[in-house]
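Please take a moment with the sequence and the model that follow.

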Amino acid sequence: MHDIITIDGPSASGKTSVAKLVAQRLGIPYISSGLLYRAVALMCLLENVSAEEIEGRLEKYRLELRPTPTQNLVFLDGHEVSKALHSLEVDQIVSAVAVRPAIREYVNNVLRKIPPPFVVDGRDMGSTVFPQARYKFYLTASPEVRAKRRVPERDAAYETVLAEIIRRDQADQKQSAPARDAIILDTSHLDLDGVVRAVLKHLAP
Ligand code: C5P
């Protein structure tokens, strides 16, 4: 199987958990593309510079994503930074980083070098980065449902997480482009297992 399966959707729609489980069931790697934007956001924080300023310094860094069966490890110049990528500080600046075309090109080049097969999640994987993908999904859920799912992953109150999700939905609108041929799955009333089953049902045996 040399296929690419794309799973796009807004923040906290469950796309990474779904991508991981679908990939496990198929015995292929999963890739979370948002981690690469998060890594560029981390570069801004480490250097204390803006998204615009980091653009000129991207080539200075060696950014690498290594998929393992259970997680994605991200390395900056050989140092593993995976654990630093999911802070509220990164959440707050990552959209401003991801909106910049030069940064998108940088990230897309890293992604396109990864050999298939894999399941990849993001915002524009099916529409822009891998339009040739054999299967494309787009997950949706209400902001309230997504905030409830995300609270245990963040050291913050429900209201703070909800406000951050609504803000990021707006900030990410420009860089979120569901593929026209994607299968849309509303996950508001499904648990993780239910979404994984719904995705697997669409894949040819
Ligand atoms: O998926 P995740 O929430 O980790 O993504 C972090 C951020 O990276 C998103 O809020 C969005 O700004 C950006 N992103 C993107 N395109 C992708 C994946 C993520 O613009 N394919």
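Where is Pro-117 found? Pro-117 sits in the loop between helix 5 (101–112) and strand 6 (118–122), where helices (H or I, at least four residues) and strands (E, at least two) are DSSP runs numbered from the N terminus. The model is a predicted one, in which local features need pLDDT of at least 70 and side-chain atom pairs count only at pLDDT 80 or more, while totals for chains, interfaces and linings use all residues. Residues are numbered from 1 along each chain as its sequence is written, and side-chain values use heavy atoms, with hydrogens and water left out.

Most residues other than glycine have a negative phi, and most peptide bonds are trans. Against that background, the peptide bond from Pro-116 to Pro-117 is cis, with omega near 5°. Ala-12, in the loop between strand 1 (4–8) and helix 1 (15–26), has a positive phi of about 60° although it is not a glycine. Asn-48, in the loop between helix 2 and helix 3 (51–55), likewise is not a glycine and has a positive phi, of about 55°. Ala-12 has a relative accessible area of 7% and is therefore buried, whereas Asn-48, at 70%, is exposed; buried means under 20% relative accessible area, exposed over 50%, and partly exposed in between, with a 1.4 Å probe and protein chains only.

Two residues in strands come next. Ser-32 belongs to strand 2 (residues 30–32) and counts as buried because its relative accessibility is 7%. The side chain of Ser-32 makes a polar contact with the side chain of Thr-16 at 3.5 Å; such a contact is a pair of N or O atoms within 3.5 Å, and within protein one must be able to donate a hydrogen and the other to accept it, with residues adjacent in sequence counting only if both atoms are side-chain atoms. Not counting residues up to four places away in sequence, Ser-32 touches Thr-16, Leu-65, Asn-72 and Asp-121, contact meaning heavy atoms within 4.5 Å.

Lys-136 lies in strand 7 (residues 135–140), and with a relative accessibility of 6% it too counts as buried. The side chain of Lys-136 reaches the backbone oxygen of Pro-131 at 2.8 Å. Leaving aside neighbours within four places in sequence, the residues in contact with Lys-136 include Thr-6, Gly-126, Phe-130 and Asp-181.

Two packed helices are described by the angle between their axes and the distance between the axes. Axes are lines fitted to C-alpha atoms, for helices over the stretch in contact, and angles run from 0 to 180 degrees between N-to-C directions. Helix 2 (residues 34–47) and helix 4 pack at about 105°, with their axes 8 Å apart, and they are therefore roughly perpendicular to each other; angles of 65 to 115 degrees count this way, those under 35 as roughly parallel, those over 145 as roughly antiparallel and the rest as oblique. Among the residues making this contact are Tyr-37 and Cys-44 of helix 2 and Val-90 and Ile-93 of helix 4.

Helix 4 (residues 88–98) also packs with helix 8 (residues 158–171), at an angle of about 25° and with the axes 9 Å apart, which means that helix 4 is roughly parallel to helix 8. Here Leu-88, Asp-91, Gln-92, Val-94 and Ser-95 in helix 4 meet Glu-164, Arg-167, Arg-168 and Ala-171 in helix 8.
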